[in-house]
Amino acid sequence: LARDAVAAAFTYAQRVNAHALVAGAQRAAVLGWVQSIQVAFTKTYTLVNTRTCPGAGPELLHACLLGTLATVKELAGRQAGELAEMLAGAARVLMSKLQELASSSLSLGLPGDPLSQVRLPVRCVALLRLLLECLLGASSHKGLRAELYVLLLQYLTFCRGSKLGDCPPLVLASLLAGAGPGTSAAQLDALQQQLEESNGRLLRPLAGELVAVMLGDVLTPPERG
């Protein structure tokens, strides 16, 4: 019996060690990927957009953001909250870059827009849907949800626009100067309204569930340790 117990303990220790080694390797791999993404789309974004993928920087940025969120969703479903939280941090960096690009752009989804098709309402809403699935699926990891709350606010800021039709004529003419021939304030306002309405249709049915999750996080004392 003693021999069997020792053998069982030894086998268990081997499994624990193997699990720790795999977990450590996974964490190192995710951390390396996160750091690479952060450098590529911040300090070296201009190089990526002009030489690595000429003119396709925003599309690559958008694809990486979608892929990152899809992985966050998968890891959260497998209870790998720490890895998912690290990746959610990378997604925030990517979303921040999209915000930066959008702040210098006027033409929502039009040819003159450096974000081009990335800002079309249908693609923005697809991103929001994936983000909400990640957030509502992260039921057991408060730290991950905190990252996703920030990401949701970033997304809504990215989508926010102003009504150009209310601008004074001289200001409007200056704003539209780089938007391409034939572009009008009415076109831009219509696209902006379509995006806002699409976001609203997706968010309204989930409002109660989102508020309940947020209240739970606000009212739950922070974990110690």
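I began with Lys73, which is partly exposed at a relative accessible area of 40%. I use buried for under 20% relative accessible area, exposed for over 50% and partly exposed for values in between, with a 1.4 Å probe and protein chains only. The model is predicted, so I note that local features need pLDDT of at least 70 and side-chain atom pairs pLDDT 80 or more, whereas totals for chains, interfaces and linings use all residues. Residues are numbered from 1 along each chain as its sequence is written, and side-chain values use heavy atoms, with hydrogens and water left out.

I found that Lys73 forms a salt bridge with Glu133, with 2.8 Å between the closest N and O atoms. This pair links distant parts of the chain, since Lys73 is in helix α3 and Glu133 in helix α5, 60 residues apart. Glu133 also counts as partly exposed, at 35% relative accessibility. By salt bridge I mean a side-chain nitrogen of Lys or Arg within 4 Å of a carboxyl oxygen of Asp or Glu.

**Other salt bridges**

I counted six salt bridges in the structure. One of them joins Arg123 to Glu59, the closest N and O atoms being 2.9 Å apart. Arg123 lies in helix α5 and Glu59 in helix α3, so this pair ties together parts 64 residues apart in sequence. Arg123 is partly exposed, with a relative accessible area of 25%, and Glu59 is partly exposed at 32%.

I then looked up Glu100, which forms a salt bridge with Lys97 at 3.1 Å between the closest N and O atoms. The two are separated by about one helical turn because they are three residues apart in helix α4. Glu100 is partly exposed at 44% relative accessibility, whereas Lys97 is buried at 9%.

**Overall fold**

I recorded nine helices and zero strands in the protein chain. Helices (H or I, at least four residues) and strands (E, at least two) are DSSP runs, numbered from the N terminus. Of the 225 residues, 37% count as buried. Among contacts with a separation of 6 or more, 70% come from residues 24 or more positions apart; contact means heavy atoms within 4.5 Å.

**Nonpolar core**

The largest nonpolar core has 49 residues, and Leu69, Leu148 and Tyr155 have the most contacts inside it. Such a core is a set of buried Ala, Val, Leu, Ile, Met, Phe, Trp, Tyr and Cys residues joined through side-chain atoms within 4.5 Å. Helix α4 gives the most to this core, with twelve residues. Leaving aside residues up to four places away in sequence, I found that Leu69 touches Ala91, Leu127, Leu130, Leu131, Cys134, Leu148 and Leu151.

I also checked α6, whose buried residues include Leu148, Leu151 and Tyr155. This helix has 18 residues and reaches 26 Å from its first C-alpha to its last, close to the 26 Å expected at 1.5 Å a residue. The expected span is 1.5 Å times one less than the number of residues.

**Surface patch**

Finally, I noted a nonpolar surface patch of Val211, Leu215, Val218 and Leu219, with about 420 Å² of accessible area together. Patches take residues with over 30% relative accessible area and no salt bridge, joining like charges within 9 Å and nonpolar side chains (Val, Leu, Ile, Met, Phe, Trp, Tyr) within 5 Å. Accessible areas come from the Shrake-Rupley method with a 1.4 Å probe; for residues, only the protein chains shown count as cover. Leu219 lies in helix α9 (residues 207-219) and is exposed, at 68% relative accessible area.
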